[in-house]
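This briefing covers the strand pairing in one structure. Please read it with the sequence and the model at hand.

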Amino acid sequence: QVQLAESGGGLVQPGGSLRLSCVASGSINSVYSMGWYRQAPGGQRDLVAYRTTSGVINVADFAKGRFTISRDDAKNTVYLQMNSLKPEDTAVYYCNFKGVVVGTLVGDFWGQGTQVTVSS
């Protein structure tokens with residue numbers, strides 16, 4: 001299986017910035033994509049952004065112009081730079097991994113989540 005270690009969440013004022021990191025480890029054969037989703041209290045889990053190994057990037061409308069996703073393939077790491085944060089960005093942010101892991105034909109894995117709170 002793959003383990004996803006997330007970090008970088010915290011409390012920030014509106015207009016502030018945070019940088020989330022997620023490091024994948026384990027018996028990984030290949031990576032299709034890594035990205036971020038978020039879930040607010042009482043809400044559903046929504047896509048924030050993802051990036052495939054081939055370079056395709058998908059970013060949610062609410063994140064365009066404010067959030068930037070990047071990957072370091074050599075380190076199996078994905079980052080989410082979040083600028084101009086708004087209170088409505090408050091949520092638990094989850095790292096997502098899609099790829100091939102030893103013992104599986106296809107895998108879709110999630111991290112534990114890191115809390116992002118935007119409040120004055």
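In this predicted model, strand 4 (residues 28-39) runs antiparallel to strand 9 (residues 91-101), and 10 bridges join the two. Strand 4 also pairs with strand 5 (residues 45-52), again in the antiparallel sense, over seven bridges. A separate topic below is the open sheet of four strands in the order 1-3-8-7.

- Strands 4 and 5 form a hairpin, with five residues between them.
- Gly42 lies in the turn of this hairpin and has a positive phi of about 80 degrees.

**The sheet 1-3-8-7**

- The strands of this open sheet pair in the antiparallel sense.
- Strand 1 (2-7) and strand 7 (67-72) are the edge strands, each pairing on one side only.
- On average, neighbouring strands of the sheet are turned by 15 degrees against each other, direction ignored.

**Strands 7 and 8**

- Strand 7 runs antiparallel to strand 8 (residues 77-82), and six bridges join them.
- Thr68 stands opposite Gln81, which belongs to strand 8.

- Strands of a sheet pair through backbone hydrogen bonds, in either a parallel or an antiparallel arrangement.

Note on methods. Residues are numbered from 1 along each chain as its sequence is written. This is a predicted model: local features need pLDDT of at least 70, side-chain atom pairs count only at pLDDT 80 or more; totals for chains, interfaces and linings use all residues. Side-chain values use heavy atoms; hydrogens and water are left out. Two strands pair if DSSP finds at least two bridges between them. Axes are lines fitted to C-alpha atoms, for helices over the stretch in contact, and angles run from 0 to 180 degrees between N-to-C directions.
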